[in-house]
Amino acid sequence: MIGKVVRGKEVHGLLYYLFRESEEHVDPHLVGAFDDHELLEPPRLPDGSRDIGPLGRWMNQFIKLTPPQIRPKAIVWHLSISAAPEDRTLTDAEWRQVCADMVVRTGLAPADDPHGCRWAAVRHADNHVHLVVVLARGDGRRAHPDSDYHRVGEVCRDAEIRHGLRRTRARNRTAEPRPTRAEQEKAARHGQEEPVRVRLARTVRAAAVSAHDRDSFAAALERDGLLVRWRHSDRNPGEITGYAVAWPGDLTGDGQPVWYGGSRLGADLSLPKLARRWTPPADGDVPEGQRIVDPAARRQTVADAARAARVAAGHIHTAATDPAAAGTGEPAAHAAGDLAGAAAHLFGGGGPGVLDGAARRLVQAGAAPYGRTPHADGTADLLRGQARLLRALGRIGGQRNDAAELLLALAELAEAIARLRRAQQALDAARDAQAAGDALRQHTAALSPPRPRTAAVRASTVAAPSQDARSTLADPTPPTRPHR
């Protein structure tokens, strides 16, 4: 069951549309309302149409009681609710219960509240109902939905369980914020491949991978050419609590930069959540701003990253198949997007393309509910450490064998995450991870064949490390650290 909310300014026109009979609108009628819906049912006129005037006037009765300064411009809250085509047909009484739950759970018409918003539920198809609410209360107070997007999802999930309908995945706020229509049109006008929001999110993630703390994060953002401003606490002016970034040349109508806060780019990109993933510099890390230039060290860095990806794949595979290890794969799944993003920057040029798309899907698949950052473990630290070293390589061209080896390892890591998410019944995340793995394998097929892998390396894809992942990499052949 899916619910979609839109806002409107006038209730009469909406009711007229909902009660107009057509091929799509079959036998439109009320299944529920703020009062006895049978008495409020619009009567038929001699020409067969419905007289929605009385119902519209009843719905609008509280508007005059709401002071203009707190009255919303879009005063009509319109929710369309659809069941899956293969679901059984719900009765009017069952749809009435769903709609009544909606207005109660969103706070629009609480139970036993005589001043709640007035509402009506119109059914005009077997699996489809429209809920119309006028955002005006009888006591003159402001009527405002309580987290309506998430409450609608909760009521739909409860209705699926109660009535035995097809189950859909619960909303857990892991979706990446999408560019608005205005942002997409602006990108098209300027001949840009992608909206600025997408470009900023990719750049901020890359800077976060390179960073150990806020200062190194700021330096990485500035090196990548972004404009940065910091938000200071109102209570403690010297304390920095957030940040915003802008792309040079992306301006408002009056010539000011268009700023995006971190949480507007990704649920896990706010400053407090980034700070949870940062760790102090480790032995072998490249100093801030420096590059690895020695050819042998560069090749070894890529090989180490591939081995780290396979170690993480084995760890996540065990978490997906062993009930005793359930949950232990979350930190590595969350960190996998950092390594994939660093590889996309290394081999894909840092712009949109197949590798960047796979990295973004892997970020989505590894995202924790509500933007949380899982507590890091040895495997997650290993992946992020290798991602930092990949970032220190800049960009690589011509080393096709090295690219294929790392991308295949990332494909194995993506497929392990897909198994983990399927075991958790997180099917959308599983599809994202599997799509990332497929894209990486298809892209690798166009490269030169990778160097043969040893039996010891192949075994790491199906067995989790028994100790800290760093010690696993060190046995039997420790990787050499890059020359500075």
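Mentor: Happy to! Let's look at H4 and H5, whose crossing is right-handed, meaning that the near helix is turned clockwise from the far one by less than a right angle. Before going on, note that this is a predicted model, where local features need pLDDT of at least 70, side-chain atom pairs count only at pLDDT 80 or more, and totals for chains, interfaces and linings use all residues. Residues are numbered from 1 along each chain as its sequence is written, and side-chain values use heavy atoms, leaving out hydrogens and water.

Helix H4 covers residues 92–105 and helix H5 covers residues 148–163; helices here are DSSP runs of H or I with at least four residues, numbered from the N terminus. Their axes come within 10 Å and cross at roughly 150°. Axes are lines fitted to C-alpha atoms over the stretch in contact, with angles from 0 to 180 degrees between N-to-C directions. H4 and H5 are therefore roughly antiparallel to each other, a label for angles over 145 degrees.

Now for the residues in contact (heavy atoms within 4.5 Å). On the H4 side they include Val 98, Met 102 and Arg 105, and on the H5 side they include Val 152, Val 155 and His 163. By class, this contact of H4 with H5 has six nonpolar, two polar and seven charged residues. Here Ala, Val, Leu, Ile, Met, Phe, Trp, Tyr, Cys and Pro count as nonpolar, Asp, Glu, Lys and Arg as charged, and the others, Gly among them, as polar.

Technical notes:
Helices (H or I, at least four residues) and strands (E, at least two) are DSSP runs, numbered from the N terminus. Angles under 35 degrees count as roughly parallel, over 145 as roughly antiparallel, 65 to 115 as roughly perpendicular and the rest as oblique.
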